[in-house]
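Me: I'd like to learn how to read sheets and salt bridges in a structure. Could you walk me through them?

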Amino acid sequence: MAKSSIHLQTAKGGTILHNARENYSKSVVFIDEKNELWNDSKTAFKMFRDELEIRSEAYTQRTKQKLQKNTSTMISGVVNLEQHHTLEDMEKIKDYLEEEFDTKVIQMSVHRDEGKLINKENEDLKLVSGKDFFLNRKDNELYFDSKFTKKINMEKWKIEKNYHGHFEMLGIDSNGNSLRKKMNIYKLSQLQDFTAETLKMERGNNNVEVLKEN
C-alpha cells in the first residue's frame, strides 16, 4: 500500500509537455489505463505567462525593481496516488496550495502509465520503466532494451504501477515574492498532513524537504 507524499521542487524544462504526454518519454510503458489532464501545454503556458506578468508587475510596483533573474518562477509538485484517485481528488490539494502559499496552479495531471516489473520468482528483482525496460509502440510489447531486440516474457513478471499526480504552479506569490520564503518546515509538514487526509492515505514519514532556490 502506497503512503501519502507530496514533494515540491523548482520546475525543470519540459515538465509541462511531459505531464501532458505531448513529448516522447521512455518511462511511459503501460497503456491499459488512461491518464488525466487539466490544461494541455498551450493552455498551461499561456496561463503561466499571463500570471507571471501580473505578479512581476506587482513586484516592480512595490519594490521599484525588476524581478530577480534567479527567482524560481515555476514550481513542480509530485504527489503519490492510488489507482482510484482522480483529478477531482487533486482539486482539493490545488485549492490548498493556492490559498496557503498564494500561488496559481496552471496544470494538473494523473499518470497511470509508469512503474515497475516485479519478478514473480524473486520479488527483490525489480525493473524500472524507462531504465530497465521499454515499450515498443509499434507492437505495444515490453522489451529489456530500447532497441527492442529482447522481448519480455510477461508470464514471469507482475506489474507494479507508480500512480502519481503532478502540479505545476507559479513560484512567486501575488506580490512577486518567492514562495521559498513561505515554504518552511512547518508549512510543508502541514501540507503533508492535508494531502494524506484528503487522499485518505497513510501519512508518509515526517522528513520534509524545504524548497531550494536555484
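**Reading the sheet and the salt bridges**

Reply: Let's begin with strand β5 (residues 115-119), which runs antiparallel to β9 and is joined to β9 by 5 bridges. Please keep in mind that this is a predicted model, in which local features need pLDDT of at least 70, side-chain atom pairs count only at pLDDT 80 or more, and totals for chains, interfaces and linings use all residues. Residues are numbered from 1 along each chain as its sequence is written, and side-chain values use heavy atoms, with hydrogens and water left out.

Me: What counts as a strand, and when do two strands pair?

Reply: Strands (E, at least two residues) and helices (H or I, at least four) are DSSP runs, numbered from the N terminus. Two strands pair if DSSP finds at least two bridges between them. Here, L117 stands opposite I159 in β9.

Me: In what order do the strands of the open sheet lie?

Reply: The order is β6-β5-β9, with antiparallel pairing among these 3 strands. β6 (126-128) and β9 (157-161) are the edge strands, each pairing on one side only. On average, neighbouring strands of this sheet are turned by 25° against each other, direction ignored; the axes behind such angles are lines fitted to C-alpha atoms.

Me: How many salt bridges does a search of the whole structure find?

Reply: First the general idea: side chains of opposite charge can pair when their charged atoms come close. The cut-off is a side-chain nitrogen of Lys or Arg within 4 Å of a carboxyl oxygen of Asp or Glu. The search finds 15. In one of them, the side chains of R21 and D113 meet at 2.7 Å, N to O. R21 lies in the loop between α1 (15-19) and β2 (36-38), and D113 in the loop between β4 (105-111) and β5, so the pair ties together parts that are 92 residues apart in sequence. R21 also forms a salt bridge with E114 (2.8 Å, N to O).

Me: Is D113 buried or exposed?

Reply: Buried means under 20% relative accessible area, exposed over 50%, and partly exposed in between (1.4 Å probe, protein chains only). D113 counts as buried because its relative accessibility is 4%. E114, at 11%, is buried as well, whereas R21 is partly exposed at 21%.

Me: Which residue meets K94 in a salt bridge?

Reply: That is E91, at 3.7 Å, N to O. Salt bridges that share partners join E91, K94, D95 and E98 into one network.

How values were computed:
Axes fitted to C-alpha atoms, helices over the stretch in contact; angles between N-to-C directions.
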